[in-house]
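The following note sets out several points for a colleague examining this model. Please read each point alongside the coordinates.

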Amino acid sequence: MEKILISACLLGLPVRYDNKIQPVENECVQKWHKEGRLVVVCPEVKGGLSTPRPPAEIMAGSGEDVLTGDACIHNSAGGDVTRAFITGAQEALDLVQQFHIRMAILKEKSPSCGSHFIYDGSFSRRLIPGRGVTAALLIRNGVAVFSEKDVVLACEFLGML
């Protein structure tokens with residue numbers, strides 16, 4: 001049975017930076033959960049960050065830039081948390097490889113998991129096109145990444161695998 005990587009916050013686990021829950025309500029996700037197909041991960045927690053924690057944003061770049069060393073991630077208190085984000089992304093990739101996962105559903109806008117949009121690094125809540133570190137690393141390794149807004153597409157994609 002094909003496994004699917006999913007952001008822990010999308011299942012209602014309180015792992016977000018603000019400790020709030022934002023579960024995705026979708027029949028496919030509920031069905032996959034009941035079938036035991038979901039492999040749950042919060043890259044930020046896996047990377048060693050606590051919950052709650054100060055919000056973090058990628059400075060002057062995207063997840064791809066963080067992976068190449070051309071950008072870093074700071075939290076709103078000014079701390080450099082780049083290493084934790086890279087470690088968490090690698091932990092997510094390790095799960096993908098362990099379970100032979102080809103598809104992930106990740107939380108949009110996150111500096112880890114954003115697949116289409118991330119915040120611009122100014123802590124002004126302004127979005128820019130781009131991917132988070134985990135999304136970028138997974139895509140680089142052949143995983144199809146969807147956001148919670150793309151679950152219908154993910155359902156169709158899984159039907160094609």
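1. A residue is called buried under 20% relative accessible area, exposed over 50%, and partly exposed in between. By this cut-off R131, with a relative accessible area of 30%, is partly exposed. The model under review is predicted.

2. The R131 pair. R131 forms a salt bridge with E64, with the closest N and O atoms 3.0 Å apart. R131 lies in the loop between β7 (127-129) and α5, whereas E64 belongs to helix α3 (residues 63-67), so the pair ties together parts that are 67 residues apart in sequence. E64 is likewise partly exposed, at 28% relative accessibility.

3. Which residue meets E148 in a salt bridge? The partner is K107, at 2.8 Å from N to O. E148 sits in the loop between β8 (144-147) and α6 (151-160) and K107 in the loop between β5 and β6 (117-119), so that distant parts of the chain, 41 residues apart, are linked. E148 counts as buried at 14% relative accessibility, and K107 is buried with a relative accessible area of 14%.

4. The region after α1. N26 caps the N-terminal end of helix α1 (residues 27-34), placing a side-chain oxygen 2.7 Å from the backbone nitrogen of C28. Just after α1, G36 adopts a positive phi of about 75°. A salt bridge joins R37 to E35 at 3.3 Å between the closest N and O atoms; R37 is buried at 13% relative accessibility, while E35 is partly exposed at 31%. K31, E35 and R37 are linked in a network of salt bridges. The structure holds nine salt bridges.

5. E57, in strand β3 (residues 56-59), is buried yet has no salt bridge, the nearest side chain of opposite charge being R125 at 6.4 Å. Polar atoms of the E57 side chain instead lie 3.2 Å from the backbone nitrogen of S122 and 3.0 Å from that of F123. The residues that E57 touches include C72, I73, H74 and P111.

6. Nonpolar cores. The largest nonpolar core has 28 residues, and L5, I73 and L138 have the most contacts inside it. β2 (38-41), β3, α4 (82-99), β5 (103-106) and α5 (133-140) each supply at least two residues of this core, with α4 giving the most, seven. Apart from this core lies another, of 19 residues, among them M103, V151, C155 and L158. I73 touches E57, and its other contacts include A56, I58, F85 and V133.

Technical notes: Residues numbered from 1 in each chain as written. Predicted model: local features only at pLDDT ≥ 70, side-chain atom pairs only at ≥ 80, totals over all residues. Heavy atoms only, no water. Helix = DSSP H or I, 4+ residues; strand = E, 2+ residues; numbered from the N terminus. Buried < 20%, exposed > 50% of the residue type's maximum accessible area, 1.4 Å probe, protein only. Lys, Arg positive; Asp, Glu negative; His and termini not counted. Salt bridge = Lys/Arg side-chain N within 4 Å of Asp/Glu carboxyl O. Polar contact = N/O pair within 3.5 Å; in protein donor to acceptor, adjacent residues only side chain to side chain. Contact = heavy atoms within 4.5 Å. Core = buried A, V, L, I, M, F, W, Y, C linked by side-chain atoms within 4.5 Å. Lists of a residue's contacts leave out its neighbours within four places in sequence.
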